[in-house]
Structure formats: C-alpha cells, structure tokens
Amino acid sequence: MSNKQSFKVCFCFKRIFRLKVAEPPEDIKNLFNQYAENGTITIDNLQNFLIEFQGEPNATKEDAQAIFNSLRHLNIFQRKGLHLDAFFRYLLGDLNPPFYSKVHHDMNAPLAHYFLFTGHNSYLTGNQLSSDSSVHPIINALLQGVRVIELDLWPNSKKNGVEVRHGGTLTSPVELIKCLRAIKDNAFIASEYPVVITFEDHLPSNLQAKVAKMVTETFGETLYSPRSEFIMEFPSPDSLKRRILISTKPPEYHESQRPRESGATDNKQDNEQDDQDEDEENAIPEYKQLIAIHAGKPKGGLDIWHIDPIKVRRLSLSEQELENATRTRGSDIVRFTQRNLLRVYPKGTRLDSSNYDPMLGWTHGAQMVAFNMQGYGKYLWIMNGMFRANGGCGYVKKPDFLLALGPNNEAFDPNEPLPVKTNLKVKVYMGEGWHSDFHHTHFDRYSPPDFFVRVGIAGVPNDTKMMETQPIEDQWVPIWNEEFIFPLSVPELAVLRVEVKEYDTSGKHDFGGQTCLPIPELRTGIRAVPLHNRRGQRYKSVRLLMGFDFDYAE
C-alpha cells in the first residue's frame, strides 16, 4: 500500500510527499546483526543482548520470553526468533522504558531524608489573584503522585464555618470539608506513601475546634498523630503508608489575645458567647493533637537554622528568602535539613502561578520544594522528571552526600565546586508517532514537519546546559543519529531534559513534545522515550529512540 500525503502549495499544484514508515537506523541494523543467528534473534540471543548491551546483568530467559510474548500479535513475529523489524518494534515499545517503574529506594529512613512531591496553593485552578478555588486541582495533583497538599484556611463570610481560599485576593472559596473529602478519596490511588496536608491557618480558636472535628471525622484511623507533642525524629515513609499527616504552626492563645466578638459590632446573645468561650478553651488541645509536623521558626531570637536536639520541625521560606540565605549559610541549611524539614514556596510576585528553579532547594536538602501544579513550563517539567524516580511514588531518597557529615562535623557545602564524576553520553537516533497524534497540517500547512531535538541537563549550575540536533526537513519519522556528551559533577541531582521542536524560520518553533528523566535512574543501552504534551500528559504514540551510557571518571 502506498502511503502518500499531499499539501496544497498554491492554487496551481500540490506537493506530494510519501509518508515514510519507521525503519531501523543503521546502528540498530548493525546491533541486530551482532546478536542474530541466521537472520533471527533467539531467546538466548535476546537475553545476552539485555545483559551485555542494555546493561541489565540480572536479565533472565523469562524476561526475554516476556518480550517475545509481547510481539506475538505482530505479523512480523516468527516463532524461531525475532527478525529485524520485530527487534526494532521491541526497542521502540513500552517494554523498553528509559527508567524503572517500581519503588526501589530504602523507604525506612526518617521523612527528612527524602524529597517530597509538593504542591503550593493546591486548591487554585489558575492564577493567584482571581481564579476559582476547587477540589479538582487537589485531585489532579494527588493522581500525579503529589504527596504534600497546601490549604489556606479562612473563616467563611458568616464567621461560622471554614473555607479554603487565597486570602487578600479575588479568588473564590471552596469549603474545607470538600477538600478534605477529595483528599481522603484520592490520596492513595497513585501512591500508598503518606500524604502531608499543610495548613496555612487564619482561624480563631473556635473555628480551629471545628477543623479538628472535621479532620478527625473525615480521616479517622488514617490520620497520624504522634503520641507526644514533640518528636526527636520523623517517622519513615514506610511506617506511614496510607496515612495522612497534618502540618501547621501550633496555635498559641492567651486570655488577652483570644478573639472576642461581643462588645464589638456583633450583637450575639450572651449564651452564644459563652458557647464560643467554651469552644475556645477546648480548641487548643484538640487542634494541637492533629499536628504531626510542627511548623514555625525557633523562639527567643534563635537563628532560624538552629537545630533543637530534642525536637524536629518544619521551616518555610520563600524562594527569594532561600536564595538570600544560600549565599552565606549553604552548609548550615544542609545540616538543618538532615533532621528537619524545609519547605520552599514561590515568591508572592508569581501571580500567574509560574514556578522557579527547584534545583537550589534540592541541592540544599529542602524536602518540600512547593510548586504551582496547575500550569506548565520548564521548571514544572523538571519537577515531574525528578519525581518519575522511585516508581513515581512521590518520595525520592536524598543522595548520601546531603545526609552525611565530614570528619570535622561539617555538612556538604553546595557553593563549593566539585570535580566531574561521570560523563553522560546521549544519542538521539530517531522519533515517531507525530503523524498519529497530530493533525497532518498541525505543524505546517504546506509540507511535513522539520523536527529537531533539544537535549540537556537540569542540575547544579556547572552541570546545566542544553544542546540540539540539526532539523530534519519534511519528515514525520525523522532520523537524527546525533550524540551528545554531558560532564556531570552531581549526577545524583541531575535531570535529563528532552524537548522536540518543529523548526520555523521566524525563530518561533512549534512544540512537538517533551519529557524529563531522572538521571540516577536512567537505564543504559537503547531505550524508547515516550514524550508528553506541555501539561505533562503522555502522548499515545510520540516517542524517541535514544541511547544512554555513563563514562565514570577514574
């Protein structure tokens, strides 16, 4: 069957392009010949290929058989073994992903030893000023594997209930109870590891009592409450599977500070005021008992990076405050985050719900780098890339150097330059799937697309760089065969960025897909790399064939 595609160039004539079927690049043909016997690859040959070339030393005959079985439905499959086309389809298929999809990190260390997938103002549907508050962004975040949800608590207009909204803005509210129920129903679909709810609390104590009752009744046994008010070490993610934790600043009321509404403009009856007084008396212990992770700065004028030997806490800083602190206190911040939690949030001027570079927080051990999840863009793609690690469970174990102390009790200093530890070799072979997932005039009305690939590193400043292939003209199935080498000084925190663009002479290139991959979990060899749209949703067919290899420095 002849596959042809015509594009109308003008009223006079059409340009006709033959649709090229994906064919194995020359490197793949050579590789096939290296492992094939009499034109086919047997199960034994395929097992050897997995062990020797793909860097899978534990690959078994059963693994090779599973690959064979996955290809049986294809007309190109033969019982005796894989012909070139079947081998090629395996390499481009879902059984050949670029990283492992199971939880494999040690999950028995304290929470402070992990990066947590963290949301900011998790209830907002759009910008920070005027968008609606809703349960839907909360549900979407949880289904993506986000493990930390932020809710801003305010009294409702009648002052008798609690709503969630972005205070001081035109954002519409949503009832707290709806948010709590949405979390309960969706918390453990994507991951069984604990969900932390951070409250930014703007409530009088009588409403805190209502929150305590609401939270306790909604979550029941799922709610984790420590036995004592202060703990010396956080529990582990494994010990907290399918549990909900509340994190907020503990309330402190004194008689003179308690909000009293009688005597002001409010004309409530005396017995109502007495009830409120009784609620206030009971609110503090009930509400305090909810709190599994205490937030706040140390008292008595102590340094914010002060480490209390008998209790751990959570500290929150804006991205700007963290940036300022890292200039002189880098090592102190790392030491603090070895036991305590650090949450970083977007600065207040990000009214469009944009995000910031998460690497500064991660390199200083910040566990909760809070992001606006409702948009898209480079930094959110990098965030998604980091948390594709460890089976996408929302918890990524910090590298050892962020948890260790040197011989003189000193912590890692992110400001000190490090030598190159390894060189990552990335080869971009080819891509396919655009003709299936996009309309044939999506990129160009008059001809097939001219794709090129941008590939690079998001990591510490010395490791960060982007490179790109040449554009391949008029091809739905482009073959680039270009290799790039990236020297890495901190591969443990690096993310591989991949973005496909369709070349435009104006310089405004069209978007053709993206993904970010956690470099510590990259599988060596030749791998199929599925691409995602701007919002992080995976395309059905679009993917690249890429090669990865590490050359560790002596």
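1. A pocket here is an open set of points on a 1 Å grid over the protein atoms alone, where a 1.4 Å probe fits, with protein on both sides within 12 Å along at least five of seven lines; lining residues have an atom within 4 Å of a point.

2. A quick caution: this is a predicted model, where local features need pLDDT of at least 70 and side-chain atom pairs pLDDT 80 or more, while totals for chains, interfaces and linings use all residues. Numbering runs from 1 along each chain as its sequence is written, and side-chain values use heavy atoms, without hydrogens and water.

3. Back to that pocket, where β4 (148-155), β7 (195-201), β10 (314-318) and β11 (341-345) each give two or more lining residues. The largest share, 4 residues, is from β7 (strands are DSSP runs of E, at least two residues, and helices runs of H or I, at least four, numbered from the N terminus).

4. Now the largest pocket, with a volume of about 890 Å³ (the space filled by probe spheres set on grid points joined across faces, edges and corners). It has 43 lining residues, and Gln 144, Asn 384, Arg 388, His 532 and Gly 536 are the closest to its centre.

5. Where does the largest pocket lie? It sits between domain 1 (111-251 + 284-411) and domain 2 (417-552), because both give residues to its lining; the bounds come from an automatic or database domain assignment.
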